[in-house]
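I opened this notebook to record a few points looked up in one structure. The entries cover surface charge, a helix and some backbone angles.

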Amino acid sequence: MNSNKKDIRSLSKQELRTFFESIGDKSFRGNQVYEWLWTKGAHTFEAMTNLSLETRKHLEDNFVINHIQVDQIQKSADGTIKNAVRLHDNLIVESVLIPTKNRTTACVSSQVGCSLDCKFCATAKLKRMRNLNPDEIYDQIVAIDRESRLYFDRPLSNIVFMGMGEPLMNYKNVMASIDKITSPEGLGMSPKRITLSTSGVPKMIKKLADDKVKFKLAVSLHSAIQETRKSIMPFAESFTLVDLKEALQYWYQNTKSKVSYEYVVWKGINDKREDIDALVDFCGYLPCKVNLIEYNPIGEDQFHQADSKALDAYISALEKNRIPVTVRRSRGKDIDAACGQLANKQ
Ligand code: SAH
């Protein structure tokens with residue numbers, strides 16, 4: 001646990017430069033420190049060997065360097081790896097490395113717990129404890145990049161914000177982390193390899209469009225009927241499908257980027273003809289694709305994966321209407337690393 005000194009990683013490069021000016025030093029020291037923190041991943045001031053001892057002591061007296069620690073690594077039979085990540089205040093979040101033939105995808109958390117209340121999601125049961133800082137999000141990705149090199153002999157290739165939390169409820173920090181991930185001083189990754197998944201916060205989707213972001217957007221839709229959606233995702237009472245539709249159209253007009261809808265089909269909840277018709281209608285509002293995802297049971301009696309007949313009916317209706325559809329199988333189920341299962345069970 002750290003004292004009340006400020007976390008130096010919460011400062012921008014410009015703020016670091018200004019700090020050095022304010023103590024009568026050269027502003028380019030700010031660049032040097034920034035590089036130590038973000039490119040070289042230094043965890044101590046001692047490691048910053050191109051700074052004088054006096055400067056390092058001065059930093060030590062004024063700041064701390066908060067960083068995450070991967071406490072526990074669990075490996076699934078299918079190659080998926082789940083990290084339990086300890087934060088500087090001892091809270092834990094989880095992140096997941098998902099290997100496929102040609103890719104390594106990092107699934108990262110954006111909050112400790114979650115602000116929203118989706119009834120089928122294990123993370124929702126934790127409630128939101130706090131937002132993650134940009135560096136805490138960035139560090140999860142750096143840790144997975146290292147594991148990918150170590151276990152799969154290749155760097156991380158993709159990132160999805162589909163871990164714990166609602167990224168659009170932690171907008172500023174998530175954007176700052178993506179800036180670091182994509183900047184040459186950070187990981188230099190292309191934003192096209194990043195997907196942000198949201199439960200659907202209309203105002204913030206519009207803000208993404210206004211901010212002209214270059215990454216991809218996924219929306220956890222699960223139902224295109226307002227009443228049904230509200231019954232399984234209660235926050236949808238205030239974030240309605242009408243507002244969501246309008247925000248997504250705004251997103252598309254401004255970014256020309258297709259949206260992916262995440263969709264689980266549950267028995268007795270959204271497996272009827274009217275559910276399928278509503279989804280097809282909703283897909284007509286803007287260019288999109290649909291990911292049908294497998295349900296990962298979290299011990300809620302209300303929710304059971306629909307049978308394959310219902311799934312096939314969805315697929316054929318979507319295909320008939322020329323809406324691209326994929327069926328995504330779960331990964332890492334045996335270690336509770338699949339979608340919706342992240343809940344710090346250990
Ligand atoms: N809050 C964001 C990101 C985290 S959830 C969002 O909702 O998009 C990542 C994905 O897992 C979402 O599509 C979510 O709806 C889905 N999900 C949640 N619980 C699940 C479960 N038990 N089985 C399958 N998918 C689930």
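The entries below follow the order in which I looked things up.

I note at the outset that the model is predicted.

Entry one, surface charge. I looked for charged patches and found a positive one formed by Arg 103, Arg 193, Lys 216, Lys 258 and Lys 289. I then located one of these residues, Lys 258, in the loop between helix 8 (241-255) and strand 12 (259-263). Its relative accessible area is 42%, so I recorded Lys 258 as partly exposed, a term used for values between 20% and 50%.

I compared the length of helix 4 (residues 134-152) with expectation: at 1.5 Å a residue, its 19 residues should span 27 Å, and the end C-alpha atoms are 26 Å apart, which agrees. I also checked its cover and found that 14 of the 19 residues are buried, so helix 4 is mostly covered. Just after helix 4, I noted Asp 153 with a positive phi of about 60°.

Although His 222 is not a glycine, I found its phi to be positive, at about 65°. I placed His 222 in the loop between strand 11 (216-220) and helix 7 (226-232). Is His 222 buried or exposed? Its relative accessibility is 4%, and because buried means under 20%, His 222 counts as buried.

Asp 336 lies in the segment after strand 14 (325-328).

Definitions and conventions. Residues numbered from 1 in each chain as written. Predicted model: local features only at pLDDT ≥ 70, side-chain atom pairs only at ≥ 80, totals over all residues. Heavy atoms only, no water. Patch = residues over 30% accessible without salt bridge, like charges linked within 9 Å, V, L, I, M, F, W, Y side chains within 5 Å. Areas by Shrake-Rupley, 256 points an atom, 1.4 Å probe, with all protein chains shown as cover. Salt bridge = Lys/Arg side-chain N within 4 Å of Asp/Glu carboxyl O. Lys, Arg positive; Asp, Glu negative; His and termini not counted. Charge placed at Lys NZ, Arg CZ, Asp CG, Glu CD. Helix = DSSP H or I, 4+ residues; strand = E, 2+ residues; numbered from the N terminus. Buried < 20%, exposed > 50% of the residue type's maximum accessible area, 1.4 Å probe, protein only. Expected span 1.5 Å × (residues − 1).
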